[in-house]
Amino acid sequence: MTWARVAETYVEAVVAGQGAMRVAEVYVEAVVSGLGILRVAETYVEAVVSLTPPAGAAGGWAVGMVRMG
Amino acid sequence: MTLLFTDTFAISSAHIVAKWTLTTGTPVANSLPLHTNGRGMTASGGSACTVRKQVAASEEHATFIAGAAFSISGAVSAETPLLDFMSDGATTTHITVSLTGSSAAPARRVRVYLGGLGSTLLTTTPVAYFPVNGVPYFLEAKVVLHDTNGSVVVKIDGVTIIDLQGIDTKAGGTKTVLDGIRLTPGTSSAYDPSISDFYLCNGAGSKNNDFLNAPKIFCLLPNGNGNSSQGTGSDGDSTDNYELVNDPLGFLNTSDYVDFLATGDKDTYTFTDTSGISTANEVFGVGIYAHAQKNDAGARTWVGVARSGSSESDTAAQPLTAATFTAPGGIIETKPGGGAWTVSDLHSMEFGNKAGT
């Protein structure tokens with residue numbers, strides 16, 4: 001009987017070449033409306049008033065005088 | 001899509017080089033406490049440094065809008081280019097927005113040149129800007145490229161300071177559309193100018209096709225597991241993968257990572273929240289970015305994933321390089337599932353990576 005001698009055997013498999021993906025870092029950059037937060041440390045008004053009553057406002061003075069009295 | 005690209009320069013110096021094309025010098029991701037995220041880009045050694053970004057062919061457009069937060073230390077005396085609007089593969093400079101040099105802050109004025117810094121001067125602002133050293137000012141410019149009917153509009157902190165209409169904005173070259181932008185950190189001194197919160201839009205579409213008016217750009221990192229955990233971490237399992245891809249800002253470490261073996265495999269993570277801003281503010285868009293590679297020459301792409309509720313959106317697939325980390329990224333301009341998009345929505349969303357074909 002004839003025999004065969006095989007010194008080595010191997011297959012060559014042809015498969016899809018898609019490799020693995022390696023991710024070392026991931027982050028997002030969120031672009032948002034830049035409308036900032038308003039921080040108020042103090043609030044006040046500066047009222048610029050006349051030293052005399054407006055024309056025709058004599059009644060106002062009269063009321064004030066009544067309250068004072 | 002019209003919001004094309006963002007960069008807070010917060011991740012690392014190596015990541016800046018991966019995200020931009022380096023022309024000269026050495027950009028540095030530096031600690032800048034007054035800028036958003038406390039970080040931004042400077043340059044090493046006080047030498048000139050320029051980086052440029054060329055957009056994809058499908059993103060080229062006659063109208064570009066670019067902006068960033070710039071701060072000046074006060075040491076620089078030379079005139080500093082801030083934004084260069086380019087074409088022909090980001091080789092022809094059409095419009096340059098610059099800041100005049102001075103050792104005294106009040107003398108700084110904003111200029112616009114045709115053909116690059118020192119070429120044809122189009123205008124100089126009559127008054128000075130950037131009055132306080134070290135404080136970031138948000139400078140934005142909108143350029144329409146045209147031989148006779150072009151325009152340049154410049155804003156600082158959302159207020160128009162230059163408005164040139166019906167002018168020649170095309171300094172030779174070939175293309176009739178813009179395709180690149182260039183930044184110049186540290187022209188004459190190591191910290192002049194420092195740059196953060198960069199964005200680039202084009203004039204296409206109906207969203208983000210004009211000034212964003214001094215937006216805030218937050219760099220957010222993973223802080224928890226999300227809906228999907230299909231990657232395999234460098235620790236050999238798929239548990240708490242977010243801890244392997246969230247190195248602190250400025251300290252990118254590639255010795256911990258997550259591998260994705262099969263097409264469609266993905267991880268999504270919860271992310272840190274914004275701070276110092278109303279949760280009612282509008283979200284213009286989110287850039288999802290990674291520091292990633294593939295393991296050999298076979299096809300494999302990176303896809304960014306955004307998840308809101310049970311709705312997911314993917315970015316366009318981006319190519320990877322075998323055994324070399326690059327910076328793939330993509331922009332999501334609308335909330336997955338639709339509807340108004342606020343900072344409050346952003347805080348409850350997940351983002352992540354997916355292996356593409």
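Author: Gladly! Let's start with Leu82(B), which is found in strand S7 (residues 80-87) of chain B. Please keep in mind that this is a predicted model.

Reader: Why is Leu82(B) called buried?

Author: The label buried requires a relative accessible area under 20%. Leu82(B) has 0%, so Leu82(B) counts as buried.

Reader: Which residues is Leu82(B) in contact with, leaving aside its neighbours within four places in sequence?

Author: There are several, including Phe70(B), Val97(B), Leu99(B), Phe130(B), Leu139(B), Leu183(B) and Pro193(B). As for Phe284(B), it is 202 residues from Leu82(B) in sequence, and their C-alpha atoms are 23 Å apart in space.

Reader: Let's turn to Thr125(B). Where does Thr125(B) lie, and what makes Thr125(B) count as buried?

Author: Thr125(B) sits in the loop between strand S10 (120-124) and strand S11 (137-144) of chain B. Its relative accessibility is 4%, and the cut-off is under 20%, so Thr125(B) is classed as buried.

Reader: What does the side chain of Thr125(B) reach?

Author: The side chain of Thr125(B) reaches the backbone oxygen of Val127(B) at 2.8 Å. A polar contact calls for N or O atoms within 3.5 Å, and one must be able to donate a hydrogen and the other to accept it. Beyond its neighbours within four places in sequence, Thr125(B) is in contact with Arg109(B), Val110(B), Ile161(B) and Ile162(B).

Reader: Now the interface. How do you know that the side chains of Arg22(A) and Asp259(B) meet in a salt bridge?

Author: Their N to O distance is 2.7 Å. The limit for an Arg nitrogen and an Asp carboxyl oxygen is 4 Å, so the pair qualifies. The count between chain A and chain B is two salt bridges, and there are 24 residue pairs in polar contact, both at pLDDT 80 or more.

Reader: How many residues does the contact take from each chain?

Author: The contact takes 20 residues from chain A and 67 residues from chain B. Met21(A), Arg22(A) and Tyr27(A) supply 23% of the area that chain A buries against chain B, more than any other three residues. The area buried between the two chains is about 3,500 Å², with 56% given by carbon and sulfur atoms.

Definitions and conventions: Residues numbered from 1 in each chain as written. Chains lettered and ligands numbered in written order. Predicted model: local features only at pLDDT ≥ 70, side-chain atom pairs only at ≥ 80, totals over all residues. Heavy atoms only, no water. Contact = heavy atoms within 4.5 Å. Buried area = accessible area lost by both parts, 1.4 Å probe. Helix = DSSP H or I, 4+ residues; strand = E, 2+ residues; numbered from the N terminus. Buried < 20%, exposed > 50% of the residue type's maximum accessible area, 1.4 Å probe, protein only.
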